[in-house]
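Please read the sequence and look over the structure shown here. The paragraphs after it go through the chains one at a time and then turn to the places where parts meet.

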Amino acid sequence: MATVVGQPSSEPSGGPPRAPDSSGSARAALAARESPRRRLVRLLILLIAIGVLVKGWMVTDIDLGKLANAPNAAPILKSLVTPDVVSRDIVQVELDVPVVVGAGSNGPATASAQTGQTFKVEPGSPVPGGAVAFDGTGFAPNATGQIRVQNPSRGIDALWLRVTTDDTGSFHADSGWSDYSVFPPDIYHFHLTINAPGATHISDTFVNSLSRIGETILLALMGTVFGVLISAPLSFLGARNLMGGSAVGQAIYWIVRLIFTITRSIEVLILGVIMVVIVGIGSYAGVLAIVVHSVGSLGKLYSEAIEGIEPGPVEAIAATGANRLATVLYGVVPQVVPTFLSVTIYWWDHNVRMSTVLGLVGGGGIGFLLIQYMNLLQFNQAATVLWMIVIVVTLLDYASAAIRSRLV
Amino acid sequence: MLRIEHLVKDYAGGVRALEDVSLEVRDGEFLVLIGLSGSGKSTLLRCINRLIEPTSGRITLDQDDITAARGDELRRIRRGIGMIFQQFNLVKRSTVLTNVLTGRLGYVSQWQALLAHFGEEDYRRALSNLERVGLRERVHQRADRLSGGQQQRVAIARALMQEPKIMLADEPVASLDPATSHSVLKYLQQINREGMTVICSLHFLSLARTYGTRVIALKQGRLMFDGLPSDIDERRFQAIYGEEAVEVEIE
């Protein structure tokens, strides 16, 4: 056994000689530098973080099992793939053939429509216990319909039989005639109604959604425009580099920045609720909510754009003897125009997204339609609205990004 | 005549940039300011048109007391003092014409400025000043499409629009290559020979010798030297720039 003078007694005897530069000992040496107090603090932070997450899980009722709740999810998911986009017209053809019971004639009774359909009842004078045959031609193929027997003066209006046309649009049906106790001699009418599927056209839901998304885009546009009109001039007063000179300037700067911060901190939906109380339900309330929200956010972004300009040109124009307004107009404005435009387009795009939910609180736009369909459990219609939002918002997102990339 | 008396400038934080500077600049001089970076050249130039507020002292231009002027009076004095800068300070996204026309902003009314409505006379003046710096055909180009030397010449044209009595130039060629530097300084020299006073800070002593009719040197905010360019010998050079300094020539 190798013995080393001065080796600590705690070293297990028989172990391999410790290499002074081995990684194990280096790690141990470095780890030992961390004080026990720091370790304790770290452990405490970890425990508190876990505690908060567990509490959060319980408070928010997280239940992963509910996500897989098929009976509730199925109709919604199914509706998502079958949105109500198109609907088909029903073309109804009605023909009326009178038959005379007790007249003794054997010939058929017929009626024909101007659009070419004919309906034939044979015989035209049914006898008790005899047969009655119905023939129709010229109808839409594979259409369904019914034949009723009617006699208003006797109070008779009953379903006689149902018919379905074949591939050529014709049908044939046989039946028997009852005796005089049911149908005494008189004139009866066989009334044929054939319901044929007509032209396919865009559904009312789709048209409604389209008009509402248009309203939403315009709502966002109006809100953005008024937001720009208010925030763009204000933003110059909220730029430190333009207002830093005097105490009055500083005061104005802080007040403007405070206005921006306050208006920005209130969520659009809450603003919507407030505006609905003030001006009533509708798009106008939505526009006002967007305006207030935009003033804060746009103002901040504009002010920051102004603070980011090159000071040189401003200095040069001030040196020509230009007054303050002219200096800002010729030295600052040309520098910030591209950023202002880019920020504005982005913000309009953002406002469209905000406007889609404003309808939930009565602020107009497409959200109103969505909540209406959801409340009526009309999931197919709701799906149409949802898809409309997704597609339009995505397209706008791409469009605004494309425009902005050309500006800067 | 420009007269500077006991000029002091203290920056916030206690840095003294100018220490009791007094000098007179006679009409028609090409005065070159030399000195190390931070010696106070830019501060001195900016005190003359009050882009920087002096702490104390007095500056007068002919009968006008620049340091006492306020508001409209200050702007009237400023428009009589042209200035060009190291970074040219053109509005890059605006056209050459717009940049040159901004030189008239000290003359036009608020409304004319707001509506960008400059008079026929101003347009004619802009074209003739661009002609003077050899950029007549660039009038409709965006300023940032021009080379550095061309941009500085546009800046000179802009300053000329003010019809100034005196032209300040703060390191006008420090961002330019040697050949372009000469071209820009030749325009300043020509303007000077037509009678305008020029005060120009420069890094290179060789340029100062070529173009200056008089040189003053600043060191840590104090006036170190005031004389003819040819009077700066080895000893004076080292007094201005420090023991370690070696003079480099610019061709």
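What distance separates the centres of domain 1 of chain B and domain 2 of chain B, taken over C-alpha atoms? The two centres are 25 Å apart.

This is a predicted model, in which local features need pLDDT of at least 70 and side-chain atom pairs count only at pLDDT 80 or more, while totals for chains, interfaces and linings use all residues. Residues are numbered from 1 along each chain as its sequence is written, and chains are lettered from A and ligands numbered from 1 in the order in which they are written.

Chain B contains nine helices and ten strands; helices (H or I, at least four residues) and strands (E, at least two) are DSSP runs, numbered from the N terminus. Its radius of gyration is 18 Å, close to the 18 Å that the globule rule gives for 251 residues, so chain B is as compact as a globular protein of that length. The radius is taken over C-alpha atoms, and the globule rule is 2.2 Å times the number of residues to the power 0.38. Along the principal axes, the C-alpha atoms of chain B fill a box of roughly 55 × 40 × 35 Å. Of the 251 residues of chain B, 45% are buried. A residue is buried if 20 or more other C-beta atoms lie within 10 Å of its own, exposed if 12 or fewer, and partly exposed in between, with C-beta atoms placed from the backbone.

The domain assignment divides chain B into domain 1 (1-80 + 165-246) and domain 2 (91-163); such bounds come from an automatic or database domain assignment. Twelve residues from domain 1 of chain B and ten residues from domain 2 of chain B take part in the contact, where two residues are in contact if their C-beta atoms, placed from the backbone, lie within 7 Å. On the domain 1 side, the elements that give two or more residues are α2 and α7 (178-193) of chain B. The largest share of that side, four residues, belongs to α7(B).

A208(B) sits in helix α8 (residues 205-211) of chain B. Is A208(B) buried or exposed? A208(B) counts as buried because it has 22 C-beta neighbours inside 10 Å. Leaving out residues up to four places away in sequence, A208(B) touches V32(B), I34(B), L202(B), V215(B) and P229(B). Between A208(B) and P229(B) there are 6.8 Å in space, C-alpha to C-alpha, although they are 21 residues apart in sequence.

Chain A has 13 helices and eight strands. Its radius of gyration is 41 Å, well over the 22 Å that the globule rule gives for 408 residues, so chain A is more spread out than a compact globule. The C-alpha atoms of chain A fill a box of roughly 135 × 90 × 40 Å along the principal axes. Buried residues account for 31% of the 408 residues in chain A.

Helix α9 (residues 283-307) of chain A has 25 residues. From first C-alpha to last, α9(A) reaches 35 Å, close to the 36 Å expected, the expected span being 1.5 Å times one less than the number of residues. α9(A) is mostly covered, with 20 of its 25 residues buried.

Finally, the chains meet: 22 residues of chain B are in contact with 18 residues of chain A. On the chain B side, α2 (71-79) and α4 (110-114) are the elements that give two or more residues, and α2(B) gives the largest share, four residues.
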